[in-house]
Each structure stands twice: as structure tokens, then as C-alpha cells.
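Please open the model in a viewer and keep the selection panel at hand.

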Amino acid sequence: MSTEFSATDHAMMSRALQLAKQGLYTTRPNPRVGCVVVKNGEIIGEGWHERAGESHAEVHALKQAGAAAKGSTAYVTLEPCSHFGRTPPCTNALVEAGVAKVVMAMLDPNPLVAGSGKKFLQQQGINVEVGLLYGEAYQLNQGFCQRMTIKRPLVRCKLAMSVDGRTAKASGESQWITGADARADVQQWRARSCAVITGIKTVLDDDASLTVRSEQLKIEAAKTCPPPLRVIVDSQLKTPVTAKIFNGAGKVLVATTCKESNAISRIEKLGAEVVVFNESSTTDPAGGDNASQQVPLDLLLNYLADHGHCNEVMIEAGSTLAGAFVKAGLVDELIVYMAPVIMGHEAKPLLTVFDMPKMADNVALEIKDVRQIGKDWRMLIQPINKLN
């Protein structure tokens with residue numbers, strides 16, 4: 001039997017979600033969570049999870065409410081934790097504060113919680129309701145939910161193209177297709193990502209550092225985000241030790257199929273992590289010469305979820321590696337910037353490795369958002385089979 005939520009319930013959970021979004025850049029690998037404590041229709045305390053390792057949303061809200069929290073209702077965007085981690089269980093704090101009712105947007109998919117928080121609160125005599133604004137809460141933490149359920153992060157693929165769908169000149173020249181505003185917008189997406197993935201060909205051609213450029217960030221909270229992990233898909237370990245990606249803040253991980261100890265040691269001496277995967281049997285999307293040496297992209301994402309605790313990752317790569325991720329069905333969202341220029345038919349296409357001789361082979365997409373960014377246009381696009 002579904003719960004009937006009032007207009008007040010919706011307003012309070014909307015506020016909790018608004019608070020949760022303030023942790024968009026800073027909570028990883030934890031989920032973004034907001035909480036409001038309400039009594040007699042008035043908010044008496046509110047808070048959000050600001051940074052991993054620090055107090056959770058419920059603790060901040062209860063502290064603000066003080067003794068008035070007794071007999072109140074707490075609205076929280078995610079099921080309160082019921083286990084000891086770096087902080088004590090939030091369920092205990094709610095019970096000790098004397099909260100009478102807890103309304104949750106959704107249960108926590110983390111196996112360490114997964115309904116146990118709800119059960120504990122009910123055992124303590126607290127009324128619990130679940131499901132208010134579930135869709136909004138899920139979207140806010142889709143990456144976290146995917147990591148906990150399918151062991152894979154949310155994957156975004158950033159692409160920049162001309163009006164005629166080209167990304168670089170035949171020579172490889174690509175800087176800059178888009179304007180300064182669009183490039184600054186990319187920094188916001190990069191700042192909220194746990195990892196940025198690129199290929200060896202992009203490293204060799206562009207020598208980009210892939211760090212977050214704080215001077216381009218327009219949102220203050222993004223300037224305090226932890227640096228994302230930078231990942232190079234390099235099946236044959238061709239990355240030069242002089243590459244800029246090894247400089248700057250944040251760790252570097254090189255995914256490879258090369259088992260040559262000297263090559264591995266050369267990269268590890270730079271402070272980077274080298275992860276060796278067994279070869280895949282399809283064409284190498286990272287630009288390798290041997291068709292049997294492809295890094296298995298699905299296993300790479302599994303590794304980033306399990307060992308890197310990555311909730312959201314962004315692909316910033318050339319048309320071949322980006323195309324391989326899309327073709328494998330591993331991309332949840334495309335971020336496509338379109339510049340008002342024409343580059344000509346000899347320029348490089350947006351995505352490659354596709355063979356679609358029939359209309360029936362087309363990949364169906366849904367455009368979720370279109371807006372102007374400076375002189376360019378940004379489209380947020382989802383593959384149909386990835387829609388929730």
C-alpha cells in the first residue's frame with residue numbers, strides 16, 4: 001500500500017534535496033544527503049553531508065534543532081546509516097534526539113545499510129515512511145547507487161564537435177573547437193567526477209594534464225573538491241614519463257594489458273598506479289597496434305567502482321576510445337558541446353568503431369537538455385537503454 005504524502009511533506013523533502021545538492025562536489029565517495037527536522041510545520045534544523053569523513057546530514061540538522069527535536073519529523077534524502085564507519089550511526093542520533101517520525105526519499109543501496117536503518121528505527125518505535133521524491137533522490141546519487149548495485153560508476157562521455165560533427169582536423173589539430181565558456185563548463189563536470197578517463201592517443205597528441213582548473217570554476221564549492229583520479233587506457237604502456245598528466249594534484253592510474261615488468265616499473269616510479277588486465281579479443285580502442293591487447297573497458301569500470309570507490313567518471317578521449325565505450329553500452333550520458341563552425345568532411349568524426357549499414361542498427365538517444373554556453377551549445381543526451 002503506497003503512502004500518501006502531503007504538500008508539506010513534498011516541500012520539506014524538496015528542501016532536503018536542495019541541501020543535499022550543496023555537497024555535489026565534495027562528498028565523494030559518499031552519497032550527497034540532505035536533512036531537515038520539522039516540528040509543528042516549521043523547520044527547526046537542517047543540514048547536509050558536506051565532506052566524506054565528517055558529520056552526516058542528520059547530525060548537522062539535529063544539532064541545529066537541539067532539544068526541540070523531540071517529537072519532530074526528520075526528512076532525509078537517503079536512508080540513515082545504521083553502522084559505524086568514519087562516523088557513528090545516524091540512526092542512533094535520531095533515536096537519542098527523540099525524533100518521532102522519519103521520512104526517507106529512498107533506501108540506501110549500500111549493503112551495509114540496505115533497509116537495516118529503516119528496520120532499526122521502526123524497532124525503536126519511530127514511524128518510518130519511504131519513497132517521497134524517490135526519482136529526484138536517485139538522480140542525485142545515481143553514480144553511488146550504480147556502484148553499490150551493479151559495481152559500476154555513472155559514466156559520462158564529454159565530446160566537442162563542429163556543426164558538421166567533426167572533432168579535429170585530419171592532422172589531429174583540435175584546439176580549440178569550442179570557446180572559453182564551454183571549456184570552463186567542462187571544468188565543472190570534471191570537478192564533480194571521481195575519475196577522468198582518457199586514452200594513450202589523446203595523451204600523445206594533446207599532452208593534457210586533465211586536472212581541475214580552479215581558476216575556471218564558477219561555483220565556489222567546486223574549488224574545494226578533491227582532485228579526480230586521472231586514468232589512462234594504454235594497452236601497450238606507451239605513455240612517456242614526461243607526460244604532463246603525471247604532474248599536478250591527484251593520482252594517476254594506467255590501465256594496460258602489458259605485463260612487461262620494466263615498462264610497468266617505469267610508470268610506477270612516477271607515483272602512478274598500473275593495473276594490468278587480461279587481454280580482450282576486439283580492436284584496441286586506445287590506439288594500440290595489436291588487436292588482442294585491448295583493455296576490457298567493462299572490467300576497468302568495475303575496478304574503478306570496487307577499488308577506486310568511483311561514483312561518477314567522465315571520459316575525455318578521442319573518437320575511437322569514446323566510441324568503444326558507447327558501442328559497449330557503458331555510457332550513461334553524453335555531454336556534447338557544439339561549436340558554430342564547419343570543419344569539413346576530411347576532419348575527424350565524433351565517434352568511430354561503429355559499423356551501422358542499416359537504419360535498424362542506429363543507437364537511439366534522448367536529448368535531456370539543450371542550452372547555450374557562451375557562443376556554443378551544450379546537449380545532455382542519454383542512450384535510450386540507459387534511461388531509468
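The tour gives a selection at each stop and then states what is found there.

**Before starting**

This is a predicted model, in which local features need pLDDT of at least 70 and side-chain atom pairs count only at pLDDT 80 or more, while totals for chains, interfaces and linings use all residues. Residues are numbered from 1 along each chain as its sequence is written, and side-chain values use heavy atoms, with hydrogens and water left out. Helices (H or I, at least four residues) and strands (E, at least two) are DSSP runs, numbered from the N terminus.

**Stop 1: the five-stranded sheet**

Select S1 to S5. These strands form an open sheet in the order S2-S1-S3-S4-S5, and the pairing is mixed; two strands pair if DSSP finds at least two bridges between them. S2 and S5 (127–130) are the edge strands with a single partner each, so one side of each has no neighbour in the sheet. Direction ignored, neighbouring strands are turned by 15° against each other on average. Axes here are lines fitted to C-alpha atoms, for helices over the stretch in contact, and angles run from 0 to 180 degrees between N-to-C directions.

Tyr75 has Val103 in S4 as its bridge partner.

**Stop 2**

H1 has 14 residues and reaches 20 Å from its first C-alpha to its last, close to the 20 Å expected at 1.5 Å a residue; the expected span is 1.5 Å times one less than the number of residues.

Colour Asp9, Met12, Met13, Ala16, Leu17, Leu19 and Ala20, the buried residues of H1. Buried means under 20% relative accessible area, exposed over 50%, and partly exposed in between (1.4 Å probe, protein chains only). Seen down the axis of H1, these buried residues fall within an arc of 160°, so they line one face of the helix. The arc is that of the directions from the helix axis to the C-beta atoms. They pack against S1, S2 (42–48), S3, S4 and H5.

Next select H2 (residues 57–65), where Glu58 is placed. H2 lies across S1, S2 and S3, at about 140° to S2. Is Glu58 buried or exposed? Its relative accessibility is 3%, so Glu58 counts as buried. Neighbours within four places in sequence aside, Glu58 is in contact (heavy atoms within 4.5 Å) with Cys35, Val76, Leu78, Pro80 and Cys90.

**Stop 3: the nonpolar cores**

A nonpolar core is a set of buried Ala, Val, Leu, Ile, Met, Phe, Trp, Tyr and Cys residues joined through side-chain atoms within 4.5 Å. Which residues of the largest nonpolar core touch the most other members? Of its 44 residues, these are Met13, Cys35, Tyr75, Leu94, Val102, Leu121 and Leu132. H1 supplies the largest share of this core, six residues. Centre on Leu121: leaving aside neighbours within four places in sequence, its contacts include Pro80, Leu94, Val102 and Ile126.

A second, separate core of 36 residues includes Val155, Leu297, Leu300 and Ile381.

**Stop 4: helix H6**

Seven of its eight residues are buried, among them Phe144, Cys145 and Arg147. What covers them includes H5, S6, H10 (297–306) and S12. Lys151, which follows H6, has a positive phi, near 55°.

**Stop 5: the nine-stranded sheet**

Nine strands form an open sheet of mixed pairing in the order S11-S10-S9-S8-S12-S6-S13-S16-S15. Its edge strands are S11 (273–276) and S15 (365–373), each pairing on one side only. Neighbouring strands are turned by 20° against each other on average, direction ignored. S15 and S16 (residues 376–383) run antiparallel and are joined by eight bridges; Gln372 stands opposite Trp377 in S16.

Helix H7 (residues 180–192) packs on this sheet, touching S6, S8, S12, S13, S15 and S16, and its direction makes about 165° with that of S13.

**Stop 6: helix H9**

Finally, select H9 (residues 261–268), in which Ala263, Ile264 and Ile267 are buried. Seen down the axis of H9, its buried residues fall within an arc of 100°, so they line one face. S10 (252–256) and S11 are among the elements covering them. The face turned away from this buried side carries the exposed residues Ser261 and Asn262.
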